[in-house]
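Reader: Hi! Could you walk me through this model?
Author: Happy to, let's look together.

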Amino acid sequence: MRGTLALIIITTFVCITLSLPLFLPYFVAANTVPEVDKAIRDANENLVDAFTAVVAAEKSGADVTVLTADLNKALGLLNEARGCYEKGDYSLAIACADNSTMISKGIIQDAKALRERAVQEGTFRGIVTIVGAILVIVAVCVLGYFGWRWWNQRSYKKLMEMRVKEVGVANSG
Amino acid sequence: MLPKPARYFFEIYPLGPEGMAANYPTEVAAGQLINVWIGVSNHMGRIEYLLVHVKVGANATAIPDDRALTPSSATSRKQVECFLMDNQTQMFPVTLAISRPGINYNVMFELWYYNETAGGFRFPWYDGSVYRVAWSQIWINVTA
């Protein structure tokens, strides 16, 4: 009797243990659906923020070729996350969405840095242009002044060196 | 220094299975996969976040309206997204199947862009003077 009871308990335990993997994804999935939703939503929001940051960087004159490639990389991961979500592979979906978020956050930082650098370069270019223009104007004025003086002196000297020439004097004697 | 373009615009065009403007599928069996490529170009003078809606309609389905600037009322069967820089072109493979036999199915490709002010994708875009829409379609007969 005791042996039968032990056999039943062992059989039940083995059955539960063997069937656990079949039901485990269901329980895990039920718990992680909101997490996947949140991860995908976060990834989407971060991607849009990254895009806005890249637009701002481009507007300030930065080269955004690398950032565009990164945006497409983040978008690819987000799409992969959506695909995994539809297939029910929630852990991979979360991993892809988190990777996408990470790339997007990196893009936001890079875009900000690029934007600041572009603004600084723009300011520097502006200063160089203004200072250069002023220098050119001053140089033209100085050269003009000295040129005018030299020309004046040359003309004066020429005038002073002039001699009276006798021409057409009639011999009346 | 580059001069500002006089007009801003998008381009969208379907291509055949080889990625060329030839051998477009015109007749397929019901459920058979239709393979085409979609080319998208951005000439808006800045980076754009683009979305292509692939819609399938029958004769009665309203196509996008160029004057009213409205998209087709058919439901979107597929969406393809990408980021494109100014003057950049990208091609995407699109695979879909139509299960019900019929003639003159129109497979429509609508180009939407992300509008930061509106906070979402929008169909009409501003070319610098007027609003426009970009879409294209191919006609397919589906046999039983």
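Author: The buried residues of α2(A) are Leu67, Thr68, Asp70, Leu71, Ala74, Leu75, Leu77, Leu78, Ala81, Cys84 and Tyr85 of chain A. Buried means that 20 or more other C-beta atoms, placed from the backbone, lie within 10 Å of a residue's own; 12 or fewer is exposed, and in between is partly exposed. Helices are DSSP runs (H or I, at least four residues), numbered from the N terminus. This is a predicted model, where local features need pLDDT of at least 70, side-chain atom pairs count only at pLDDT 80 or more, and totals for chains, interfaces and linings use all residues. Residues are numbered from 1 along each chain as its sequence is written, and chains are lettered from A in the order in which they are written.

Reader: New topic: how many residues does the contact take from chain A and from chain B?
Author: Chain A gives 11 residues and chain B gives 9. On chain A's side, α1 and α2 are the elements giving two or more residues.

Reader: Where is A:Lys112 found?
Author: In helix α3 of chain A, residues 90–160.

Reader: Why is A:Lys112 called partly exposed?
Author: Because A:Lys112 has 13 other C-beta atoms within 10 Å.

Definitions and conventions: Two residues are in contact if their C-beta atoms, placed from the backbone, lie within 7 Å.
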